[in-house]
Each structure stands twice: as structure tokens, then as C-alpha cells.
Amino acid sequence: MIEVSGVARSFVVAGAGRRGFAAIAGLGRKGEASRVVHAVRDVSFSAPAGQITGLLGPNGAGKTTTLRMLAGLITPEAGRLSVDGIDVVARPREVLARMGVLSDSRGLYPRLTARENIVYYGALHGMEREAADARAQDLARMFDMTALLDRRTDGFSQGERMKTALARALVHDPANIVLDEPTNGLDVLATRALRDSLRWLRTPAGGAKCIVFSTHIMQEVERLCDSVVVVADGRTVASGTVPELLERTGEADFEEAFVKLAFDTAKVAA
């Protein structure tokens, strides 16, 4: 189970002299104009085991920053994050042992084979080589990628890279899975394969995983998620099932409901 309560995080962005440079306060050049960007202001949600929880919001809403805090890559300025009751900030290694993270940037080592990428991550989690290799074989069968195992990942298609990265994230059989916009750049068949894999992983046969799925694509949420958390302007503005959010907004179309929740509610909050 993943719980996020009232988290917040801001960054200092230096002025035009270093356009696009984001830094922790105080790292900008002397004399430069700078501004504070509130990437996350107040995000809260709970994701139970055996369900897929969708984190939905427009670009820049704070989804990726929230997930990076959950993965221990960024320290929150306020609030609390926990995985299976373990505090992320206080005990990050224990949290990572219970979590598989698939970020938007796949980060595969191109000169290694798919098997080597997976086994290497198993070793980082303390697995013996034989156990990690056996797990790689099992995951390859699960994701229909056995033919890819001993090929270098350099030159893989987006779908092949996604399968390898997902297998790598699951090599240590974590109870919790976090995916940041995993369907970016995937074709229809690869997207369907990913959906099927996630649906199976949430079942008892697949381990009843707790899955948090970040996206800004409404169709993915409708087809995949058991519950939805809508984030806008760095805040949680709504949560519930798709039917509940449709009822709340009085809309029959989920895209229209999302627009009301993400933009109209955010304007009121601002």
C-alpha cells in the first residue's frame, strides 16, 4: 500500500541568464533574477494493494515530482510518504526494496542485453545471480519477450524497451509498482500488452500488486484504473472511481469531467 499525505515541493529557477536551469535555493548565479516554482503544493492519495490507482493530470501538474519524492529521489518540504507503512524519507532503502519504479526515461544500458539489464538490477537489490536469472526468465515469459532476452537493448523498439524496463523494475518481485507515463511513445499493440500485464499483476495470481499509474491520457484511465486521483496545479483536486467522478461533475464523458476537475477546480483553489 502506498500513502501520500500533504506533500509539497518547490524549486528555485534561475533567470534568463541560465534559461531552464532548475536548482535548489541558492545555486543560481549571483545577481540573477530567480523565481520559485511550486511543483507540488498539496498532493494526497492512498493506493491499496490489488488495485491500479491512476494519477491523472495535465502536463506540469506535479505528477512526476510527486512520484520522484515517492521513489526517494527528491525530499519533500512538507507532508509524508509511506510504502507499506514505512516512511520514505526516514527509511528509503527499505522502501525501495518493496517498490518497483518505471520512470518515463527508461534508462536501459544499451550495450547490455535485456537479460543483463534485468539481472544487474536484481544484483543491486541483493539477489543472487542464479535467482535473478531465473526471475528474468519468468518475467520474459510473462511479457512475451523471451526472444529479446539475449539481444542488446541498443536498437530496441519503444515497446521492447518498455517490456525490458518493466521486467527490470519487477525483478525483485516488489509489492508496489510505480509507473510514470509508461505508454509515452508506444504503439497500439505495445500499449495493449502493457495494460494486459498490469491487469494481471493486480490479481491474486499476479501477486495482488499495488500499482500507481501516472498519465494524462483519459482513455488509459477509463480502461485500466480502479480509482483515480486528479492533480492540477500541484494539488489533489479530486479522487474516486471513474463513475464517481462522472457523477460528481454531471458529465457522461470522462474527458469533459476531467476538464472540469483539473481546470475549473484548480482556478477556484488558486
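This is a predicted model: local features need pLDDT of at least 70, side-chain atom pairs count only at pLDDT 80 or more; totals for chains, interfaces and linings use all residues.
Leaving aside residues up to four places away in sequence, Leu 186 touches Gln 158, Gly 159, Met 162, Thr 191 and Leu 194.

- Leu 186 lies in the loop that runs between strand E8 (176–180) and helix H6 (188–201).
- With a relative accessible area of 13%, Leu 186 is buried, because buried means under 20%.
- Although Leu 186 and Gly 159 stand 27 residues apart in sequence, their C-alpha atoms are 5.8 Å apart in space, and Gly 159 is among the residues that Leu 186 touches.

**Helix H3 against helix H4**

- The axes of helix H3 (residues 114–124) and helix H4 (residues 129–142) come within 9 Å and cross at roughly 130°, which makes H3 oblique to H4.
- The crossing of these two helices, H3 and H4, is right-handed.
- On the H3 side the contact involves Arg 115, Ile 118, Val 119 and Gly 122, which meet Arg 129, Ala 132, Asp 133, Ala 136 and Gln 137 in H4.
- Sorted by class, the residues of the contact of H3 with H4 comprise four nonpolar, two polar and three charged.

**Helix H3 against helix H5**

- H3 also packs with helix H5 (residues 158–170), at an angle of about 25° and with the axes 8 Å apart, so H3 counts as roughly parallel to H5.
- As H3 passes H5, the crossing is right-handed.
- Ala 114, Asn 117, Ile 118 and Tyr 121 of H3 make this contact together with Thr 164, Ala 167 and Arg 168 of H5.
- The contact of H3 with H5 has four nonpolar, two polar and one charged residues.
- Ile 118 of H3 takes part in the contact with H4 and also in the contact with H5.

**Cysteines**

- A disulfide is a covalent bond between the sulfur atoms of two cysteines, and a search of the whole structure finds zero disulfides.
- Cys 210 counts as buried, at 0% relative accessibility, and Cys 225 likewise counts as buried, at 11%.

**Glu 247 in helix H8**

- Glu 247 is found in helix H8, which covers residues 242–249, and at 68% relative accessibility Glu 247 counts as exposed, because exposed means over 50%.
- Glu 247 and Ala 257 are ten residues apart along the chain, and their C-alpha atoms are separated by 8.9 Å.

Key
Residues are numbered from 1 along each chain as its sequence is written. Side-chain values use heavy atoms; hydrogens and water are left out. Helices (H or I, at least four residues) and strands (E, at least two) are DSSP runs, numbered from the N terminus. Buried means under 20% relative accessible area, exposed over 50%, partly exposed in between (1.4 Å probe, protein chains only). Contact means heavy atoms within 4.5 Å. A disulfide is a pair of cysteine sulfur atoms within 2.5 Å. Axes are lines fitted to C-alpha atoms, for helices over the stretch in contact, and angles run from 0 to 180 degrees between N-to-C directions. Angles under 35 degrees count as roughly parallel, over 145 as roughly antiparallel, 65 to 115 as roughly perpendicular and the rest as oblique. A crossing is left-handed if the near helix is turned anticlockwise from the far one by less than a right angle, and right-handed if clockwise. Ala, Val, Leu, Ile, Met, Phe, Trp, Tyr, Cys and Pro count as nonpolar, Asp, Glu, Lys and Arg as charged, and the others, Gly among them, as polar.
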